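User: I'd like to learn how to read an interface and the chains around it. Can you walk me through one case?

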Amino acid sequence: MKSLADLQALREQAKKRLEMREGDADYRIVVGMATCGIAAGARPVLNTLVEEVAKHGYSCTVTQTGCIGMCTLEPIVEVYDKAGQKTTYVLMDPDKAVRMLESHIRDGKILDECTIASVRK
Amino acid sequence: MMQNLSMHVLDIASNSVRAEATDLHIIMINSTCKDLISIEVIDNGKGMDEEMIQRVQDPFFTSRTTRRIGLGIPFFKELAEACNGSFELESQVNVGTRIYVSMQKSHWDTPPLGDLGDAVVLVWCQKETNHIHFDYKTDANQFSFDSDEIKAILGDEVSVCEAEIMMWCKDYINQQIQVCEEEQV
């Protein structure tokens, strides 16, 4: 049974993790979470990203946004690097999200098969 | 379409965040005695005038500019109609908005609850400075989640949006809902 007392211990754990991450994160990940995104399955994608980032300590933040404007390609995940360069991943699912993190965030290689360029030729 | 009720909660409460609400109250009633499930979202956002209240119920209206149709509120209204329930939308400019949907609990088309803890926490993380209060009521029990209570423990250094905190809050809410449901039997 969870009690609010457990939260105190978790706070210390989170604090330690944040101290280890020096300065700003290398990447910013944004997930579209409007009606279109939610209906298309953006929630499990967002949850996977949050969990995997915490588990592996990737240097990135994960946030939500509204409708990105291409509802038929949801779930959409945007990755911004420190220079503000954006990569747009489309038709995402939890499995692709994991592969994207490993390739793009960990190894610095864009996962071409899932980008918007791969569907809009 | 939304597969469960928590997705509607997330979607409708996101409208409140976009309407610059700082205070959100989400009330869910799950009553076997009254054969009723209801969801109510009350915010102190910028509100809507009479004309806009009518227009948001039309799928071919949205306040956003990224696309031309808005389905969140029409979906929510359709849910009430499909499940023998009712839909209420009240709003006042600069005061806030209240949206309410009820369903017949035993109705064939009433969707499952879904992951409510997740929905509440995701709404909070859209703007973590917001105050969120979530009430879950059954015939015999009640559970309240208040973001201020969590913030008092976390302090300023750790955000609710940090993964471990987010996941804990979700599990905590879902566990308390479970307790409300079990004690009833």
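Analyst: We'll take the interface, then a helix, then a chain and one of its strands. This is a predicted model, where local features need pLDDT of at least 70 and side-chain atom pairs count only at pLDDT 80 or more, while totals for chains, interfaces and linings use all residues. Residues are numbered from 1 along each chain as its sequence is written, chains are lettered from A and ligands numbered from 1 in the order in which they are written, and side-chain values use heavy atoms, with hydrogens and water left out.

User: Fine. What area do chain B and chain A bury between them?

Analyst: The size of an interface is often given as the accessible area lost when the parts come together. Here buried area is the accessible area (1.4 Å probe) that two parts lose on being put together, summed over both. For chain B and chain A that is about 3,200 Å², with 62% of it on carbon and sulfur atoms. Contact means heavy atoms within 4.5 Å, and the contact takes 38 residues from chain B and 31 residues from chain A.

User: How many residue pairs are in polar contact across the interface of chain B and chain A?

Analyst: A polar contact is a pair of N or O atoms within 3.5 Å; within protein, one must be able to donate a hydrogen and the other to accept it, and residues adjacent in sequence count only if both atoms are side-chain atoms. That rule finds eleven residue pairs across the interface of chain B and chain A, both residues at pLDDT 80 or more. On the chain B side, α1 (5-18), α3 (72-82), α4 (116-126), α5 (147-154) and α6 (163-184) each supply at least two of the residues that touch chain A. Helices (H or I, at least four residues) and strands (E, at least two) are DSSP runs, numbered from the N terminus. The largest share of that side, twelve residues, comes from α6(B).

User: And how many salt bridges are there between chain B and chain A?

Analyst: A salt bridge is a side-chain nitrogen of Lys or Arg within 4 Å of a carboxyl oxygen of Asp or Glu. The count between chain B and chain A is two. In one of them, Arg43(A) pairs with Asp118(B), and the closest N and O atoms are 2.7 Å apart.

User: Is Asp118(B) buried or exposed?

Analyst: Buried means under 20% relative accessible area, exposed over 50%, and partly exposed in between (1.4 Å probe, protein chains only). Asp118(B) has a relative accessible area of 1%, so it counts as buried. Leaving out residues up to four places away in sequence, Asp118(B) touches Arg43(A), Asn47(A), Lys170(B) and Asn174(B).

User: Where is Asp118(B) placed?

Analyst: Asp118(B) sits in helix α4 of chain B. Ten of the eleven residues of α4(B) are buried, including Trp124(B) and Cys125(B). At the start of α4(B), a side-chain oxygen of Asp115(B) comes within 3.1 Å of the backbone nitrogen of Asp118(B).

User: Over to chain A. How do its elements run?

Analyst: Chain A has five helices and four strands, in the order α-β-α-α-β-β-β-α-α from the N terminus on. Of its 121 residues, 45% are buried.

User: Which residues does Arg28(A) contact?

Analyst: Arg28(A) lies in strand β1 (residues 27-32) of chain A. Setting aside neighbours within four places in sequence, Arg28(A) contacts Thr61(A), Glu78(A), Val79(A) and Tyr80(A). Its relative accessibility is 41%, so Arg28(A) counts as partly exposed.
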